[in-house]
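Look through the sequence and the structure below.

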Amino acid sequence: NTINLVFYKNSAEMQANIAAMLAVNKSKSRISQLNTKVSSSVISKPRNRRDVDMIYFVGSPQQARLIKPYIEVNTSEFASTIAIYASSRSHSYRAGIAISKDLKGLTFTQIPWLLKTEQDASLAALHQQLWPTRSDGLLRLFAMGYDSFNLIEQIDLMQQAPYVQYWGQTGVFKLGASNTLTRSLLWGTYKNNGIETVAFE
């Protein structure tokens, strides 16, 4: 139930804080102490702590490409792989194969519109024709406007039947208590050659 927060301003600080968070520095210290107390050389490898369920990362794809390999380097070969999750900031719609390979296994939240396998194909083709070079921010803005317009026709039905969901380009919408509209994002994961959606129970 304990959450450790690690902040960093530069690469060196990031590396030191991750090693400390995973207790790799303590392992190295124990190895050093052992080496000073025995006459023969000791063959050893640092180990990370084993009580980490997951790491959640907030940052850009470029920052993720720096931090993910360092987490892996500080994970002992004797330990299980630590699951790494991230916010939507870690994914770019225009991420290439090189980024996908570097971030392989990283799982992140994202709106359906930016997960190419989930979006409306005809709408995506039209959007690409009209605005081929739009940034991620403008893509999100377009998806929000598209959903806002289409939700107008769905609200009455959602009020009458609370179980009705609207699968939009920015997420899955439900109308809850006090007519509060909630939105759920999808999950994606980096693979060798791109992005795949992930279904969680």
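Is E72 buried, partly exposed or exposed? E72 counts as partly exposed, at 43% relative accessibility; here buried means under 20% relative accessible area, exposed over 50%, and partly exposed in between, with a 1.4 Å probe and protein chains only. This is a predicted model, in which local features need pLDDT of at least 70 and side-chain atom pairs count only at pLDDT 80 or more, while totals for chains, interfaces and linings use all residues. Residues are numbered from 1 along each chain as its sequence is written, and side-chain values use heavy atoms, with hydrogens and water left out.

Side chains of opposite charge can pair when their charged atoms come close. The whole structure contains four salt bridges, a salt bridge being a side-chain nitrogen of Lys or Arg within 4 Å of a carboxyl oxygen of Asp or Glu.

E72 forms one of them with K68, at 2.3 Å from N to O. The two residues are four apart in helix α3, so about one helical turn separates them; helices are DSSP runs of H or I with at least four residues, numbered from the N terminus. K68 is buried, at 6% relative accessibility.

Another salt bridge joins D102 and R65, at 2.4 Å from N to O. D102 lies in helix α4 (residues 97–102) and R65 in helix α3 (residues 61–73), so this pair ties together parts that are 37 residues apart in sequence. D102 is partly exposed at 35%, and R65 is partly exposed at 32%.

R49 and D51 also meet in a salt bridge, at 2.7 Å from N to O. R49 is partly exposed at 27% relative accessibility, whereas D51 is exposed at 52%.
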